[in-house]
Every structure is written in structure tokens, then in C-alpha cells.
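Welcome to this short tour. Please open the structure in your viewer and keep the selection tool at hand.

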Amino acid sequence: MVLAKVIGIDLGTKSVKIYKKYKGVVLLENNIIAQQKRSKNIFAAGNKAYEMLERTPKDIFVSYPVRSGVIADFDNMVKLINWYLNKINCKKGLFSNNTAYISVPWDISEVEKRAIYDLINHSNASIKKIKIIDKPIAAALGADINVQSPEGNMIVDIGGDTTEISVVSLGGIVSSKLINIGGNHLDEAIINYTKKNKGILIGSRTAEVVKMNLSTAIETNIGSIKVFGRDLVTGLPKEFEINSLEVYYAIKEYLYSIIDTIKFILERTPPELSADIIEQGIYLTGGGALIEGLPELIYKETDLKVNCVEEPMNSVIRGIGKIVEKTNTYESLIVAPKAKKYKYS
């Protein structure tokens with residue numbers, strides 16, 4: 001008799017994380033696929049596919065199946081989820097009576113939530129029980145917040161393609177808003193800045209390196225790095241220097257859009273919960289929480305203290321892991337939609 005397995009999945013725009021009960025996080029891969037254009041066969045997936053981004057010949061196509069927190073390419077995402085599950089030995093026949101917990105953004109349509117649920121249904125792993133967890137709840141659990149208490153807490157989760165700002169209390173979400181601003185948009189802003197102000201075109205991977213090293217929410221120069229791009233006048237490769245002040249000018253519009261949404265949610269929060277948020281502060285999670293000076297900027301604009309979660313990019317999978325390990329304790333936080341499959345093209 002094969003023992004039942006329980007896994008948790010954080011399906012993000014940029015990455016996929018899988019947690020296995022009693023073993024912890026067993027997979028962390030880029031959520032990207034490289035496939036041959038004619039045959040549609042997988043050429044590479046995950047981290048190996050990411051290494052090929054913007055480096056492939058014409059007959060190989062690299063893409064992200066998830067956009068803005070929802071599945072944009074269902075067929076390729078099915079191929080990827082099968083690849084991920086095979087990598088952790090969750091194969092058909094060996095994984096037929098088991099449970100998967102998957103997090104989804106709260107502020108998306110029921111059809112979009114259903115697509116994420118059906119993704120696991122369409123996988124080769126034959127998972128029989130699929131449970132849905134609202135991503136803001138998982139992020140709050142990962143930040144060591146007691147989400148089942150009557151106290152209100154605000155979570156700002158800045159991800160790869162979206163930022164979700166939520167107020168949680170009593171195991172539920174009081175208010176939430178998902179905006180299309182994330183790490184990818186900051187990369188694009190840096191690309192556009194260098195193109196407009198330096199006459200040099202850089203790739204998205206170079207822009208990501210610049211973002212990770214120099215992104216700041218403070219109007220000051222804290223350092224610089226040298227990178228390579230293509231001179232738009234001569235068409236030749238060129239090395240140039242970019243500093244953090246330039247990166248600030250490139251991304252500040254997006255940072256203030258996030259702050260405007262925080263204010264929007266605060267304005268619609270009940271007074272008693274607002275008092276809790278004043279006392280507890282705002283919790284920053286997701287990779288975007290690592291932007292230098294962002295807590296200080298949010299404090300300056302809202303007059304609320306900001307708590308930076310440890311390893312913020314892993315807060316959601318940590319929260320899912322807590323639910324996987326202590327299902328009985330967190331049963332009220334789980335949703336189990338009725339099984340129903342849809343066809344996707």
C-alpha cells in the first residue's frame with residue numbers, strides 16, 4: 001500500500017515552489033518553458049529554460065505560462081506542472097490518493113481561480129483532493145501572523161507581475177486589491193529608461209540584475225554597476241555604468257502606484273481594523289519587499305510602521321507549509337471547490 005502524500009504549491013508568475021509534508025520545500029524553479037516551435041515538445045523547463053531566455057535560435061520559443069497572477073497559457077502550464085511533479089517523483093500511479101494545496105490570488109475572477117484548480121486536475125499525477133488557499137492568507141501565515149484572531153492586519157505582497165494588498169482578520173479577507181505592478185514591470189521600466197536616456201538597449205535578464213543590485217525607493221545614489229547592452233546608434237555592443245539614482249527615477253512611478261493602492265485599501269477598512277493596523281503596522285512580503293528604502297517610503301507616505309518579513313519571497317510557501325503540516329488547525333482557511341473540468345485551448 002502506498003502512503004498518501006500531501007503537497008503545497010505556490011504558483012507564481014516568475015517561480016514555482018512545492019512543499020511536501022514532513023520534507024519541507026522540495027522544489028524551487030523558475031516558472032518558464034522552452035519548447036520547439038514546430039513540435040511543441042519541451043526543450044527545457046524551469047531554471048534551465050530561464051538560462052535560455054533571450055538566447056535561443058528561431059526554432060525554440062521561451063515563455064512564461066502565468067501572467068498577472070493567472071494562467072495565460074493553460075496547455076504549457078500543464079506541461080510544466082507535470083514536469084515539476086515528475087521532478088519530485090509525484091508520478092501517476094504513485095500519487096493517486098493524495099492531496100494538493102495550491103494558493104491563488106483573492107482578487108481574481110472565479111473562472112481564473114477555476115483554471116488554477118483545473119490545472120492540477122489535468123496533471124498526470126492523478127491528485128484526487130485539491131484544496132485552494134487564498135494567497136494573502138498564506139502570505140500572512142508565512143509572516144507569522146495569527147490570521148484566525150479578530151485583529152486586523154495588512155499584507156502587501158509584491159510579486160513578479162502583480163502586487164496584492166489585503167486586510168485580513170478572523171481567517172478571512174476583509175478587503176483586497178490586485179494591481180498589475182510587480183518585478184517584471186520594474187525590469188521594463190529600467191529597460192525603457194536606458195533606451196530613452198542612454199540610447200542603449202538592454203535585455204530583461206540584464207534589467208533584472210540591475211534591479212536586484214540597485215533598486216531603491218530613496219532618491220539617493222547608493223552605488224553603481226557596469227552592464228552591457230546594444231548601442232541604438234551604432235548597433236554595436238557597449239559597456240556602460242548605471243547607478244541607483246537612475247534606477248530610482250526609472251521605477252518610482254510604480255512604487256508610488258503601490259502606495260496609492262495601500263491608501264485606497266486603508267480608506268475602505270473598518271475603523272476598528274484600522275486601529276489594529278496602526279498598532280501592528282503593514283507587513284511587506286514578496287520579492288519586491290527587498291527594494292532598498294521601500295519600508296521608509298511607505299512609512300513616510302502613510303505614517304504607519306512597516307514590518308519586513310524574513311525571506312519575504314518565501315512567505316507564501318511558508319504559509320502553505322504550515323497548513324500542510326497542521327491541516328486540522330487551519331481547516332477553516334481552506335476551500336475545496338466541487339470537481340468540474342473545463343476544456344482549454
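Here is a walk through a few stops, with something to select at each.

This is a predicted model, in which local features need pLDDT of at least 70 and side-chain atom pairs count only at pLDDT 80 or more, while totals for chains, interfaces and linings use all residues. Residues are numbered from 1 along each chain as its sequence is written, and side-chain values use heavy atoms, with hydrogens and water left out.

**Stop 1: helix α5.** Select residues 183–197. Helices are DSSP runs of H or I with at least four residues, strands are runs of E with at least two, and both are numbered from the N terminus. The end C-alpha atoms of α5 are 21 Å apart, which agrees with the 21 Å that its 15 residues should span (1.5 Å times one less than the number of residues). Its buried residues include Leu186, Ile190 and Tyr193; buried means under 20% relative accessible area with a 1.4 Å probe, protein chains only. Among the elements that the buried residues of α5 pack against are α6 and α7 (244–267). Just after α5, look for glycine 199, with a positive phi of about 65°.

**Stop 2: valine 210.** Select helix α6 (residues 204–214), where valine 210 is found. Is valine 210 buried or exposed? Valine 210 is buried, with a relative accessible area of 1%. Beyond residues up to four places away in sequence, valine 210 touches Ile190, Ser215, Ile225, Val227, Ile242 and Val247 (heavy atoms within 4.5 Å).

**Stop 3: alanine 289.** Move to the loop between β17 (282–285) and α9 (294–302), the place of alanine 289. Alanine 289 is buried too, at 10% relative accessible area.

Definitions and conventions: Buried means under 20% relative accessible area, exposed over 50%, partly exposed in between (1.4 Å probe, protein chains only).
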